Amino acid sequence: MAGAPIAISPSGAWDGNDGPWSTFAMGFGTPPQYVRVLISTTCSQPWAVDPLGCTARDPADCGSDRGGIFEKNKSSTWQGQGVYGLDQSLNLGYTGNGDFGLDTVTLGYPGSASGATAMEHQLLATVATTDFYVATWGIVPRPTNLSGADPQETIFDPKRSYPSLLSTLKEQYKIPSLSFGYTAGARYRLKREPASLTLGGYDASRFVPSDITFSFASDRDLVVGIQSILVDGTSRELLPTSILALIDSTVPHIWLPLDACCEFERAFGISWDRTSDLYLVNETTHQALLAQNANLTFKIGSQRSSTDTIDITLPYASFDLQVLDTYPNIASSTRYFPLRRAANDTQYTLGRTFLQEAYLIADYERSTFSVNQCRFDEKAAANIHPIFPTNNTIGTNATTPTNPDPGKDADGLSPGVIAAIVLALVGFLTILGISGTVLRRRKRRDKEAKQSEPDEDSVIPNIADMEGERELHSDERPRPELQGISVGPLEMEDEVAAVEMHVVGNESYELP
């Protein structure tokens, strides 16, 4: 049994101090306190803004500007777990702590198309740092461990390992697979085209399908090779040397090498501001950029020089953003160009700006993803397609969608044909099931016995115990660890073995 994809309804608001970004609604606690969240394609937990995130020095509307505040002391179901460092976008200089806990999380406003799905006992955090100005929902389906033993010990505590929200949705048969389709939305398109997020599938109405599939990188999943950045209508190359870059919607900017940034400066007359570390745009430059109205085409592939490439074109409007005075080292609100100078190759990033014009489909069942040019058609109705799980016998890997016909699946079969196939298989599988049950159980027991043997190389080090004062603004906090993904089904008789596999069989991943 598998669930259907869930299309999460946008909040209808545009939030952020580094650009107007389309957000989604999420309720935290009991009764739910609704806040607006941005999507992170590299994080696995939802974060809400803590009351400490707005102080007496901040404007009176600070809470609203940050998408809303979650007061955990007003939730009857909050179970605090401790304060830990936010191991997110550290390579880009982002810092902060989170007060982690377990609570009920609700997806969408009551009455929304996504049905306001409520999930109990989910790991989340409240944050005070302004580096992540608006609340964040991490949609990566990796579990997080908050082990609390002495840092000298190397015992992994499975009781402190918590599944991601996406994993829980699949385990409860609310979505078909560990996958999602996402685009950040574009306020400058049509009548302010909102973001689109589909869990367990994708919305075929929002993009032009390509036939290119990328494999996850070994360390950071959504890595692509940027082979060139061209100004449309010219042969002007803005990227002197091809690079590998991470797609990360947590951050708004595009981080490129210094020599590429210099090419942007010469092409568009923009200037780097040392104080804010941003490319601020005055009115004169803005008018010149509007008149130029350039389109930039990013040629991306699986590697720096691979032949499997796709072009993603961004108009100047996607770079025409505004930064507010609540952003660090900005005295008053002004326009800016969301390009950042990368100090090294670990910082090369395609942030939210890129995903205004690109539709990302990530399939964690198969460790593959695709990037597609967005389509903007105000007459197009949502066209939701499932991505089937790896143990599905009728279906396909849908990260390279080529058939947006809602009357057929990705292999071109209509629902009626699929139904006929299923009915034909039922009798055959029933006969096989009687003789196969004992064999499967015996094989499973043999496999569990082998998996229960410890592997010394896979033991995950614990995080320091959190005792005493919990200070969200401190820099000295242990960081939660992000573990590997298990995509197989968990049956009742497999429950103990599955826990043992988490202890000794899963690779540990640090948050990017």
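Predicted model: local features only at pLDDT ≥ 70, side-chain atom pairs only at ≥ 80, totals over all residues.
I started with Ser 271 and looked up its bridge partner in S21, which turns out to be Leu 280.

Next I checked how the two strands run. S20 and strand S21 (residues 278–281) are antiparallel, paired over three bridges.

Then I zoomed out to the sheet. It is open, has four strands in the order S20-S21-S25-S24, and the pairing is antiparallel. Which strands sit at the edges? I noted strand S20 (271–273) and strand S24 (321–323), each pairing on one side only.

**Aromatic pairs**

I ran through the rings next. How many aromatic pairs does a search of the whole structure find? My note says 17.

I picked out Phe 216 and Tyr 364. Their ring centres are 4.8 Å apart and the planes are at 65°; planes over 60 degrees apart count as edge-to-face, so I logged this pair as edge-to-face.

Where do the two residues lie? I placed Phe 216 in the loop between strand S16 (214–215) and strand S17 (223–231), and Tyr 364 in the loop between strand S28 (358–363) and strand S29 (368–374). They are 148 residues apart in sequence, so the pair ties together separate parts of the chain.

Buried or exposed? I have Phe 216 as buried, with a relative accessible area of 14%, and Tyr 364 as buried too, at 3%.

I then turned to Phe 264 and Phe 337. With centres 6.1 Å apart and planes at 65°, this pair is edge-to-face. It links distant parts of the chain: I traced Phe 264 to helix H3 (residues 258–268) and Phe 337 to strand S25 (residues 334–337), 73 residues apart. Both Phe 264 and Phe 337 are buried. S25 had already come up in my sheet notes, in the order S20-S21-S25-S24.

Back to Phe 216 and Tyr 364 for a moment: I found them in a cluster linked by ring pairs, together with Phe 180, Phe 214 and Phe 369.

**Charges over rings**

Which ring does the charged end of Arg 352 sit over? I found the ring of Trp 21, 4.9 Å from its centre. I also noted Lys 72 over the face of Trp 78, at 6.0 Å from the ring centre.

Notes: Residues numbered from 1 in each chain as written. Heavy atoms only, no water. Phe/Tyr/Trp six-rings, centres within 6.5 Å; stacked < 30°, edge-to-face > 60°. Buried < 20%, exposed > 50% of the residue type's maximum accessible area, 1.4 Å probe, protein only. Lys NZ or Arg CZ within 6 Å of the ring centre and 35° of its normal. Pairing = 2+ DSSP bridges.
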